[in-house]
Amino acid sequence: MSGLNASLGYFVAVVVFAASVRTLLKKWPRFGFIMEFASSFMLVACWLEVQTIVEVGEWAGGLGPDVTVTMLFVVLLTHGVICGSASGNPNLVVLRFLQLEATTLPTLLAVVAQFLGAHLALLVAVYYWSLELTDMHMIKNLMARECSTSLLVSLLQGFFTECVCALIFHLVHLNLKRRSALIRVPLIAVLLTFLSHTARGYTSAYMNPSLAYGLTFHCPGFTLTEYAVVYWLGPFMGMTLALLLYMGHIPRIFAKNLLYFQKTRFRVPKADRGEKKKM
């Protein structure tokens, strides 16, 4: 249990940092990209520790799969509550851009901030492991340089897995976008936990370029280009397909609806037409 207590303390420290940044930025909405930095940092830093528990804690700390799945769900739920509209996911930022809800400069700043947050989270996690507070972290510190990649299948299978999972996620996200946060946040957390657990033997279904960068891009086994094809191009294709299926077109690229017929809002009543003829 000492290993789990140390992990909980680490989670609390990361959450307090993200919550503090959000509180400070409420008065300066122009610097929203910094919230994306904190959001990405929180997500990657916490997920790295969950990954540690999965890789080491299940056999060194006596923690079962039920504990790791529960912790991942709690992390995702807390992230949704604390960070709010700051997703920490470059694909969701690009999605808003494609929907004409954001301009070019804020989108670029947000994406850059997310990758910087992911990189800082990796550095902080490595330092935290180097402290070797528990046996689990001592083993993880020894394994840090030779970490296990999350991509356990071929490039084609990995690309297809990330694309399909991203398609499902973004379709659900788009449908829940205007729902209350009390409904949206828990459902999204459940969905992400389910997809990650289901795809654990394939790609872990990160569906988030900055998250994948922080969790597996530094692990040996594949080149940067191969990782990018699976974890960047795959989710982007899934997101684009989801937007196309949801709206029938991509507003930033073309306005014409390719899939659905748009019905006119107003119809002239038949009675009115008859009256016009009499007159």
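Here are some friendly notes on this predicted model, point by point.

1. **Ground rules.** Since the model is predicted, local features need pLDDT of at least 70 and side-chain atom pairs count only at pLDDT 80 or more, while totals for chains, interfaces and linings use all residues. Residues are numbered from 1 along each chain as its sequence is written, and side-chain values use heavy atoms, with hydrogens and water left out.

2. **Confidence.** The mean pLDDT (the predictor's confidence in each residue, from 0 to 100) is 87 for the protein, and 88% of its residues reach 70 or more.

3. **Overall make-up.** The protein has 11 helices and zero strands; both are DSSP runs numbered from the N terminus, helices being H or I with at least four residues and strands E with at least two. Contact here means heavy atoms within 4.5 Å. Among contacts between residues at least 6 apart in sequence, 74% join residues at least 24 apart.

4. **Record versus model.** An unreviewed UniProt entry places "transmembrane region" at residues 6–25, 32–50, 70–95, 107–129, 149–169, 181–199 and 229–247. UniProt positions are given in the numbering used here, feature names are shortened, and annotations may be inferred rather than shown by experiment. In the model, residues 107–129 are 100% helix and 0% strand, with end C-alpha atoms 33 Å apart. Residues 70–95 are 77% helix and 0% strand, and there the end C-alpha atoms are 29 Å apart.

5. **The core.** The largest nonpolar core holds 68 residues, and Met42, Trp47, Phe169, Met207 and Tyr231 touch the most other members. Helix α2 (residues 32–60) gives this core its largest share, 13 residues. Such a core is a set of buried Ala, Val, Leu, Ile, Met, Phe, Trp, Tyr and Cys residues joined through side-chain atoms within 4.5 Å. Leaving aside neighbours within four places in sequence, Met207 is in contact with residues including Phe169, Leu192, Leu195 and Pro235.

6. **A helix pair to look at.** The axes of α4 (residues 90–98) and α10 (residues 224–247) come within 11 Å and cross at roughly 35 degrees. On the α4 side the contact is made by Asn91, Val94, Leu95 and Leu98, and on the α10 side by Pro235, Phe236, Met239 and Leu243. Axes are lines fitted to C-alpha atoms, for helices over the stretch in contact, and angles run from 0 to 180 degrees between N-to-C directions.

7. **Two residues worth checking.** Most residues other than glycine have a negative phi. Serine 204 has a positive phi of about 70 degrees, and alanine 205 has one of about 50 degrees. Serine 204 lies in the loop between α8 and α9 (209–215), and alanine 205 has its place in that loop too. Serine 204 is buried because its relative accessible area is 11%, and alanine 205 is buried with a value of 1%.

8. **Valine 190.** This residue lies in helix α8 (residues 181–198). Valine 190 counts as partly exposed because its relative accessible area is 43%. Its C-alpha atom is separated by 6.6 Å from that of phenylalanine 73, 117 residues apart along the chain.

Note on methods:
Buried means under 20% relative accessible area, exposed over 50%, partly exposed in between (1.4 Å probe, protein chains only).
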